[in-house]
Amino acid sequence: MAKELEELYGDIDALEFYPALLLEKTRAGAIFGESMVEMGAPFSLKGLMGNPICSPEYWKPSTFGGKTGFDIVNSASLKKLVCLNTKWCPYVSFHTPPPDYKQRTSHGEL
């Protein structure tokens, strides 16, 4: 693939950014390359948090078409989001640091 792209662009470093993100070799056991994860993930989360649907004012059954839709949304998980939208289900996890994380790291401890 790299050889064909190099022939097409004259130099592999001339490849446009978006195709490069999509073609970047994935990390072991991952569905995206490192660049996509490192650059895209923060913007995805900011987009979610800035969306009015995340506001308590909109968080009610009528926003989601009634009780059934609201139950579906409330039973959603990060794992379901990934696994229902990919050909295979990779290991999916999310965690938040413990409450004292900032205090512990400020002293150089983990």
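The tour below goes from surface patches to paired side chains and then to loops.

This is a predicted model, in which local features need pLDDT of at least 70, side-chain atom pairs count only at pLDDT 80 or more, and totals for chains, interfaces and linings use all residues. Residues are numbered from 1 along each chain as its sequence is written, and side-chain values use heavy atoms, with hydrogens and water left out.

**Stop 1: the negative patch**

Select E4, E6, E7, D11 and D13. They gather on the surface as a patch of negative charge. A patch takes residues with over 30% relative accessible area and no salt bridge; like charges are joined within 9 Å, and nonpolar side chains (Val, Leu, Ile, Met, Phe, Trp, Tyr) within 5 Å. Asp and Glu count as negative, Lys and Arg as positive; His and the chain ends are not counted. Each charge is placed at NZ of Lys, CZ of Arg, CG of Asp or CD of Glu.

E4 sits in helix α1, residues 2-9. Helices are DSSP runs (H or I, at least four residues), as are strands (E, at least two), numbered from the N terminus. Is E4 buried or exposed? E4 counts as exposed, at 60% relative accessibility. The scale: buried is under 20% relative accessible area, exposed is over 50%, and partly exposed is in between (1.4 Å probe, protein chains only).

**Stop 2: the nonpolar patch**

Select M1, Y18, L22 and L23. These residues form a nonpolar surface patch, with about 470 Å² of accessible area together. Areas come from the Shrake-Rupley method with a 1.4 Å probe; for residues, only the protein chains shown count as cover. Zoom to M1, in the segment before α1. M1 is exposed, at 64% relative accessible area.

**Stop 3: the salt bridge**

Side chains of opposite charge can pair when their charged atoms come close. How many salt bridges does the count come to? The count comes to one. The rule asks for a side-chain nitrogen of Lys or Arg within 4 Å of a carboxyl oxygen of Asp or Glu.

Select K67 and D71. They form a salt bridge, with the closest N and O atoms 2.6 Å apart. Both lie in helix α4 (residues 67-74), four residues apart, so about one helical turn separates them. K67 is exposed, at 61% relative accessible area. D71 is partly exposed, at 38%.

**Stop 4: the disulfide**

Select C83 and C89. They form a disulfide, with sulfur atoms 1.7 Å apart. The cut-off for a disulfide is a pair of cysteine sulfur atoms within 2.5 Å. Searching the whole structure finds one. Why is the disulfide right-handed? The torsion about the S-S bond of C83 and C89 is about 55°, so the disulfide is right-handed. C83 counts as buried at 18% relative accessibility, whereas C89 counts as partly exposed at 43%.

**Stop 5: the loops**

Select L15, in the loop between α1 and α2 (17-23). L15 is buried, with a relative accessible area of 17%.

Move to P52, in the loop between α3 (34-49) and α4. P52 counts as partly exposed, at 47% relative accessibility. From P52 to L8, the C-alpha separation is 43 Å over 44 residues of chain.

Next, S75, in the loop between α4 and α5 (78-83). S75 is partly exposed, at 40% relative accessible area. Draw the C-alpha line to M49: S75 and M49 are 19 Å apart in space and 26 residues apart in sequence.

Finish on T86, in the loop between α5 and α6 (101-106). T86 is partly exposed, at 25% relative accessible area.
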